Amino acid sequence: AAAGWIAHHFYDYYLFTGDVEFLMSRAVPWLKEVALFYEDFLEEGEDGRLLFNPSLSPENHPDGSNSLLSMNATMDVAICREVLTNLCSACELLQIESKGVARWRAMEERLPDYAVNENGAMREWLHPDFKDNDHHRHQSHIYPVFPGLEITAESDPEIYEACRAAVERRLVIGLTSQTGWSMAHMANIYARLGSGDRALECLEILTRSSTGPNLFTYHNDWRKMGMSCSWGKHPPFQIDANFGMTAAILEMLVFSKPGLLKLLPALPAKWSSGQVTGIRCRGAITVDMEWNWKIGTFSATVLSKSNQRVTLRLPGNTRNIGFASGAEAAPATDLGTGYWEVACREGVPLRIDSR
């Protein structure tokens with residue numbers, strides 16, 4: 001799955017920048033090679049669906065087994081689905097690989113569906129022979145929510161809530177089994193789940209237990225505070241949590257995917273006022289925001305590099321929304337309160353105010 005996971009970053013670069021030349025010359029060739037691997041690797045199961053065999057969910061093993069080897073690990077399925085979806089979307093945009101797109105769309109339709117276990121949680125393995133094991137800090141099966149973009153509250157509320165349940169069940173292992181990077185990972189997941197206070201709690205634990213005076217993040221609790229695993233006097237430096245910390249803060253402020261932009265989706269109560277500028281979003285959009293919930297104000301400027309229609313989710317605290325004169329905006333009634341359908345025009349700032 002590593003090549004497919006790397007492909008996520010190639011395609012994400014295109015989504016953030018809108019760089020079509022990069023998409024053509026760098027992202028699509030990589031995505032295509034990964035898809036060709038899957039064409040060779042996947043086999044047909046007894047139910048007619050494609051089978052990942054062998055498969056694994058990194059570092060975790062199914063309940064009752066001492067082996068990592070399994071079939072249809074949810075993360076493997078999610079990454080493959082993401083690769084095929086992104087590759088087909090890119091090829092259709094570029095008007096290339098029509099025969100390949102037909103094959104890859106057919107493969108996508110035959111991938112195993114996500115499933116929910118008896119506890120209401122997202123299953124970590126989608127083959128019936130492999131049972132969930134919650135006694136591990138890894139949460140690889142949450143990939144469709146984070147770092148993937150496939151599952152949101154808007155696209156699939158049932159699986160989205162099953163992912164939330166899966167995260168909660170992982171807490172059974174307690175803090176002493178966590179690491180610096182795992183706290184950063186949890187912060188990002190909580191941000192994607194709209195739980196800002198929980199995300200901030202993870203970041204606070206990370207900074208207290210696994211961050212040095214030089215702001216390097218470490219694998220374990222170097223102060224031995226009992227807030228993550230402890231490995232003696234010389235904890236290994238891990239840049240994962242340094243990057244993950246900044247990523248989580250951005251995720252708490254903005255969520256973006258093609259056609260969907262959510263502003264302040266996971267704002268902690270402690271961040272009741274603030275200002276941010278120049279946040280780059282997928283869809284080659286830049287966002288500036290300022291808010292103060294104590295006096296009930298919110299404003300934002302959305303600037304797009306292309307003409308596009310976007311579903312905009314405004315913060316739950318906003319009232320009396322006002323869009324700049326001439327802006328095309330209408331409530332997205334099919335999604336509920338707070339969602340708007342807006343037309344972004346290339347290079348023309350879209351101004352939003354609430355008082």
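Modeller: Two strands pair if DSSP finds at least two bridges between them. The model is a predicted one. The part to look at is strand β4, residues 260–263.

Take its pairing with strand β8, residues 308–313, to begin with. Three bridges link β4 and β8, and the two strands pair in the parallel sense. One of the residues involved is Leu 260, whose bridge partner in β8 is Thr 311.

β4 also pairs with β3, but here the strands run antiparallel and are joined by four bridges. In this pairing, Phe 255 stands opposite Lys 262 of β4. β3 and β4 form a hairpin with two residues between the strands. In that hairpin, Gly 259 has a positive phi, near 85°.

Next come the two faces of the strand. In a regular strand, side chains alternate between the two faces of the sheet. In β4, Leu 260 and Lys 262 lie on one side, while Leu 261 and Leu 263 lie on the other. These four residues are all buried, so both faces of β4 are covered.

Ser 256 belongs to β3, which covers residues 254–257. Its relative accessibility is 4%, and because the limit for buried is under 20%, Ser 256 counts as buried. Apart from its neighbours within four places in sequence, Ser 256 is in contact with Leu 149, Leu 261, Cys 281 and Arg 282. Leu 261 in that list is one of the buried residues of β4.

Leaving out neighbours within four places in sequence, the residues in contact with Leu 206 include Gly 180, Met 183, Thr 217 and Ala 241. Leu 206 and Ala 241 are 35 residues apart along the chain, and their C-alpha atoms are separated by 8.1 Å.

Helices also pack against each other. Helix α1 (residues 2–17) and α2 pack at about 165°, with their axes 9 Å apart. The angle is over 145 degrees, so α1 and α2 are roughly antiparallel to each other. Their crossing is left-handed. By class, the contact of α1 with α2 has 14 nonpolar, one polar and one charged residues.

Helix α2 (residues 20–41) also packs against helix α4 (residues 98–109), at an angle of about 55° and with axes 11 Å apart. These two helices are therefore oblique to each other. The contact is made by Lys 32, Ala 35, Leu 36, Tyr 38 and Glu 39 of α2 and Arg 103, Trp 104 and Met 107 of α4. By class, that makes five nonpolar, no polar and three charged residues.

Notes. Residues are numbered from 1 along each chain as its sequence is written. This is a predicted model: local features need pLDDT of at least 70, side-chain atom pairs count only at pLDDT 80 or more; totals for chains, interfaces and linings use all residues. Side-chain values use heavy atoms; hydrogens and water are left out. Axes are lines fitted to C-alpha atoms, for helices over the stretch in contact, and angles run from 0 to 180 degrees between N-to-C directions. Angles under 35 degrees count as roughly parallel, over 145 as roughly antiparallel, 65 to 115 as roughly perpendicular and the rest as oblique. Contact means heavy atoms within 4.5 Å. Ala, Val, Leu, Ile, Met, Phe, Trp, Tyr, Cys and Pro count as nonpolar, Asp, Glu, Lys and Arg as charged, and the others, Gly among them, as polar. Buried means under 20% relative accessible area, exposed over 50%, partly exposed in between (1.4 Å probe, protein chains only). A crossing is left-handed if the near helix is turned anticlockwise from the far one by less than a right angle, and right-handed if clockwise.
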